[in-house]
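Subject: Structure handover

Hello,

Here is the structure I promised you. Please open it alongside this note; what I found follows below.

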Amino acid sequence: MTDTITIREYRTDDFDAVTILWRIAREKALPEFQRTKGYFFYQDRDYFQNHVLNDNSVWVVEGDGHVVAFMAMRMDFIDHLYVHPDHQRRGVGKSLLDFARKKSPEHVWLYTLQVNVNARAFYEKNGFVAEKLGVSPSPENEPDVEYHWRKKEIGE
């Protein structure tokens, strides 16, 4: 069941809610990865401020007046897509992917870590195809998967 949600542009006053959500979602999805990387929350905040916001357009999803997800996108590339664990499996992530496909109707692509089996299943369920295995750049330096969604021609 999909919650009643609104997708809107990121606002400066979303910073705390979004960075906390980002951390919680990563800790829930990959707790061992988060422990071994050892990043502190202030490092997450700095990275979000200095890289995610500078390099991407960011949208947030509001549900019942709270930020429940966000997506950072640069042209046809989804750099980050995170849904708060309490709001997963309710259609929020799919709504963000649909939004991304409206922004870039021919092609959307992204990376996710190979160990993130839930994210991989989610993207594959939503029409993304794994096209390349590799290693993410620093600071992660972890095996990743490059996924692509391409608009299908009529008759395919």
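Starting at the N terminus, the elements run β-α-α-α-β-β-β-α-β-α-β-β. That comes to five helices and seven strands. Please keep in mind that this is a predicted model.

**Overall form**

The protein has 156 residues and a radius of gyration of 15 Å. A compact globule with 156 residues would come out near 15 Å, so the value agrees with that form. Along the principal axes, the C-alpha trace spans about 50 × 35 × 30 Å.

Contacts across the sequence also deserve a look. Take the contacts with a separation of 6 or more: 59% of them join residues 24 or more positions apart.

**Surface and charge**

Of the 156 residues, 42% count as buried. The protein exposes about 9,400 Å². Carbon and sulfur atoms supply 51% of that area.

On charge, there are 21 positive and 25 negative side chains. The centres of the two sets lie 4 Å apart.

**Two residues to look at**

First, Thr19. You will find Thr19 in helix α1, which covers residues 15–29. Is Thr19 buried or exposed? Its relative accessible area is 0%. Buried means under 20%, so Thr19 counts as buried. The Thr19 side chain has a polar atom 2.9 Å from the backbone oxygen of Phe15. Which residues does Thr19 touch, leaving out those up to four places away in sequence? They are Phe41, Arg45 and Phe48.

Next, Arg101. Arg101 sits in helix α4, residues 92–103. The relative accessibility of Arg101 is 15%. With the cut-off for buried at under 20%, Arg101 therefore counts as buried too. The side chain of Arg101 makes a polar contact of 3.2 Å with the side chain of Asp98. Setting aside residues up to four places away in sequence, Arg101 touches Val108, Asn126, Phe128 and Trp149.

To view these two sites, show Thr19 with Phe15, Phe41, Arg45 and Phe48. Then show Arg101 with Asp98, Val108, Asn126, Phe128 and Trp149.

Best wishes

Note on methods
Residues numbered from 1 in each chain as written. Predicted model: local features only at pLDDT ≥ 70, side-chain atom pairs only at ≥ 80, totals over all residues. Heavy atoms only, no water. Helix = DSSP H or I, 4+ residues; strand = E, 2+ residues; numbered from the N terminus. Rg over C-alpha atoms; globule rule 2.2 N^0.38 Å. Buried < 20%, exposed > 50% of the residue type's maximum accessible area, 1.4 Å probe, protein only. Contact = heavy atoms within 4.5 Å. Areas by Shrake-Rupley, 256 points an atom, 1.4 Å probe, with all protein chains shown as cover. Lys, Arg positive; Asp, Glu negative; His and termini not counted. Charge placed at Lys NZ, Arg CZ, Asp CG, Glu CD. Polar contact = N/O pair within 3.5 Å; in protein donor to acceptor, adjacent residues only side chain to side chain.
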